[in-house]
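Visitor: I would like to go through this model one label at a time. Please set each value against its cut-off.

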Amino acid sequence: FRDYYSRLYSPKSNSSSTSTSTSIPLIEYFHKVYPFKLLYPAPKYSNLIDSIESILSQFTKNNSISTNTGNPFESLLESMIQDLVYLKKDVALVSSPGAGKTFFLHQTLLPRLASHFNAPIQILTMSLYSDIPIRDLFQTRATNPISGDTEWNLSPLLQCAVSGDICVLDSIERLPISTLSILSSFLLYRTTTLFDGTLVISQ
């Protein structure tokens with residue numbers, strides 16, 4: 001995200017001018033990528049807008065990112081390691097399609113985490129869409145081909161919650177606000193009751 005931001009808004013230079021650093025408000029840039037104020041208009045979603053702006057304001061001082069950042073790729077990696085390992089937080093990667101998010105996760109972040117924990121770690125991807133049933137966020141129902149009994153299978157999100165691996169929630173921006181609220185509650189409190197009656201709690 002920082003790398004994409006810097007490449008879009010880095011100052012241009014030519015033979016007759018000298019390159020200087022510049023910055024634009026981070027909230028303004030984020031709104032260009034994901035127009036949350038249009039998707040969730042005030043006053044109905046004022047609290048949600050305030051929460052998004054509060055989160056964005058924590059990225060940098062004065063609520064902006066300078067394009068003179070040295071190596072933004074390494075800075076992004078270190079920030080994610082700190083959030084995932086030490087602060088036990090979830091992280092969001094925002095960029096245009098093809099910017100390298102998948103490569104970054106598998107080729108850069110995954111080896112660093114495996115080295116930190118001295119144990120193998122896998123990444124499971126869960127593709128989300130606008131009309132996904134809330135149940136499918138956590139479990140899917142199937143029929144045993146031999147006995148004919150109903151079986152409940154854990155979604156990639158729950159598999160990673162149990163095993164401690166990383167789950168990528170791809171296209172989370174497509175979820176309606178009602179589904180997103182259920183998902184955010186689980187991500188925040190790390191507890192939920194599954195459709196088969198199982199209670200999932202954080203250790």
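This is a predicted model: local features need pLDDT of at least 70, side-chain atom pairs count only at pLDDT 80 or more; totals for chains, interfaces and linings use all residues.

Visitor: What makes the contact of D90 and R190 a salt bridge?
Guide: Their side chains meet at 3.0 Å, N to O. The definition asks for a side-chain nitrogen of Lys or Arg within 4 Å of a carboxyl oxygen of Asp or Glu, so this pair qualifies. D90 lies in the loop between α5 (72-86) and α6 (101-117), and R190 in the loop between α8 (177-189) and β7 (192-193). So the pair ties together parts that are 100 residues apart in sequence. Helices (H or I, at least four residues) and strands (E, at least two) are DSSP runs, numbered from the N terminus.

Visitor: Why are D90 and R190 called partly exposed?
Guide: D90 has a relative accessible area of 44%. R190 is at 28%.

Visitor: How many salt bridges does the structure hold?
Guide: It holds 2. One of them joins the side chains of D136 and R135 at 3.5 Å, N to O. D136 is buried at 17%, whereas R135 is partly exposed at 25%.

Visitor: Why is the pair F138 and F186 called edge-to-face?
Guide: The ring centres are 5.4 Å apart and the planes stand at 75°. Rings of Phe, Tyr and Trp (its six-membered ring) pair if their centres lie within 6.5 Å; planes under 30 degrees apart count as stacked, over 60 as edge-to-face and the rest as tilted. So the pair is edge-to-face. It links F138, in the loop between β3 (123-127) and β4 (139-143), with F186 in helix α8, 48 residues apart. F138 is buried at 4%, and F186 also counts as buried, at 4%.

Visitor: What makes β4 and β5 paired strands?
Guide: Two strands pair if DSSP finds at least two bridges between them. β4 and β5 (residues 150-154) have 5, in the antiparallel sense. A142 stands opposite E151 in β5. In this hairpin, with 6 residues between the strands, G148 takes a positive phi near 80°.

Visitor: What makes a set of residues a nonpolar core?
Guide: The members are buried Ala, Val, Leu, Ile, Met, Phe, Trp, Tyr and Cys residues, joined through side-chain atoms within 4.5 Å. The largest has 14 residues; M80, I81, F104, L105, L109, L113 and I123 touch the most other members. The elements giving two or more residues are α5, α6 and β6 (166-170). Another core, of 13 residues, lies apart from it, and includes L128, L137, L157 and V200.

Definitions and conventions. Residues are numbered from 1 along each chain as its sequence is written. Side-chain values use heavy atoms; hydrogens and water are left out. Buried means under 20% relative accessible area, exposed over 50%, partly exposed in between (1.4 Å probe, protein chains only).
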